[in-house]
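Dear colleague,

I am passing on the structure we spoke of, with the sequence alongside. Please open both before reading further.

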Amino acid sequence: MTRSRRAALSTGAAALTLALGVALAEPAYAGEQPSNTEGSNTEQSGGSDGTGIYAAARITYSGSVAKSGSPGNVTSSDVNWTPPPCWYAPYLGAEDFKKEMSKDIEGQMNAPGMGGHAGSALSELQRHYEDEYGWTDNPGYKDYNVDKDGEGMFWAAVENPDEPDLLKRNSCNDLPFWVDNGEAPPPQYEEAITPEILAALAYQHMQLPDTEVSLAPEETTKVNLPTWAWLDKAVFDEVQATAAINAPGFALQATTTAKPVSLKLEPGTDDAETYPASGECTINADGSIGKPYAKGKANQNPPCGITYLRSSGDGTFDLQATITWEIAWTGTGSTGGDLPDGAFGNDQAVTVQEIQSINR
């Protein structure tokens, strides 16, 4: 049986609200932990039967993550990078899987008007899990593998609920497959959950701190007068978010770390000069950015700052201060690597008055 045939079976089953449509609907969305709170350790597991075999495995998040499981505020510097739209993860033990899948197959086979290609797909799906009907690299199962209950789990597709593209979200369309406890999933399932996937999900949910840049003069400055900008090290530091998944015989985790490396100043008007000219203020050796204004420096150009060349009139200019964060991850099995830099910025209202000189 070819992979395309297998995909057709899987897609057909989903379309008929079989196990891939009904039975997997709850864990597909439960795979994303729905009750995160920033800075806390959140954890939730599925139900279990008398043998302790968990019915579902959920991803939990901790550290600096957005509340209620929503995406964080990090914008990737790589426009082509996106979090995984879907993945495969532990779903049910053999006994529980048999109850769910056989119930749905039987219900659909007894539905009025069921026949033709749909009925054939149902029969083949049933044979796959009951009568060892398989294909290359994907053997069938005898009675849903119940003789191995407690020794592994069936894995199934999980959708990323924050992926806007429905086709991408549904692209993990293989039938549920068995994985022995302590073993890696078969290599053909490239989207099976890994520390790197968990790291990307932690990135997606990471919440960076709101950071207001210190300015001198503060809030109100003057035309042609350098405005100094800086961030003390105490104001911001490294931020970490962790994603983890635990199931019988299977546990992974990854921690994504964001480290501030530079500050980008955008004055909110073309009639301004930035220091340095690029507007990109790099981090100092002590972890700060820029330098605070001190008395006697009125005629000096700041290492990080702005000079406005015209008044803001009766309004203000929206100074945008964006911090670039260098992002890396570490995970189970001494894995790790880099992720695209992230950015997060705030707007600050600056009033610029038409006064050519001032003593300070």
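Predicted model: local features only at pLDDT ≥ 70, side-chain atom pairs only at ≥ 80, totals over all residues.

I began with an open sheet of 3 strands, which follow the order E3-E4-E5 with antiparallel pairing. Because strand E3 (86-92) and strand E5 (177-180) each have a single partner strand, they stand at the edges, and one side of each is left without a neighbour in the sheet. On average, and ignoring direction, neighbouring strands here are turned by 45 degrees against each other. Between E3 and strand E4 (residues 152-159) there are 6 bridges, and Cys86 has Glu159 in E4 as its bridge partner.

The sheet also contributes to a cavity. E4 and E5 each supply at least two residues of its lining, and the lining residues include Pro90, Met153, Trp155, Val179, Asp180 and Phe250. By class, that lining is made up of 6 nonpolar, 3 polar and 2 charged residues.

Asp180, one of those lining residues, also takes part in a salt bridge with Lys148, at 2.8 Å from N to O. Since Asp180 lies in strand E5 and Lys148 in the loop between H5 and E4, the pair ties together parts that are 32 residues apart in sequence. Asp180 is partly exposed, with a relative accessible area of 30%, and Lys148 is partly exposed at 23%.

The structure holds 4 salt bridges, and two others deserve a mention here. Asp143 pairs with Lys98, their closest N and O atoms being 2.8 Å apart; Asp143 sits in the loop between helix H5 (116-130) and E4, while Lys98 belongs to helix H4 (residues 94-109), 45 residues apart. Arg310 pairs with Asp271, with 2.6 Å between the closest N and O atoms; this pair connects the loop between strand E14 (305-308) and strand E15 (317-331) to the loop between strand E10 (250-266) and strand E11 (272-275), 39 residues apart.

Lastly, the buried places. Ile59 is found in strand E1 (residues 59-63) and counts as buried, because its relative accessibility is 0%; its C-alpha atom is separated by 9.4 Å from that of Ala89, 30 residues apart along the chain. Helix H7 (residues 195-205) is mostly covered, with 10 of its 11 residues buried, among them Pro195, Tyr203, Gln204 and His205.

With best wishes

Definitions and conventions. Residues numbered from 1 in each chain as written. Heavy atoms only, no water. Buried < 20%, exposed > 50% of the residue type's maximum accessible area, 1.4 Å probe, protein only. Helix = DSSP H or I, 4+ residues; strand = E, 2+ residues; numbered from the N terminus. Pairing = 2+ DSSP bridges. Axes fitted to C-alpha atoms, helices over the stretch in contact; angles between N-to-C directions. 1 Å grid on protein atoms, 1.4 Å probe; cavity = no way out; pocket = protein on both sides within 12 Å on 5 of 7 lines; lining within 4 Å. Nonpolar A, V, L, I, M, F, W, Y, C, P; charged D, E, K, R; others polar. Salt bridge = Lys/Arg side-chain N within 4 Å of Asp/Glu carboxyl O.
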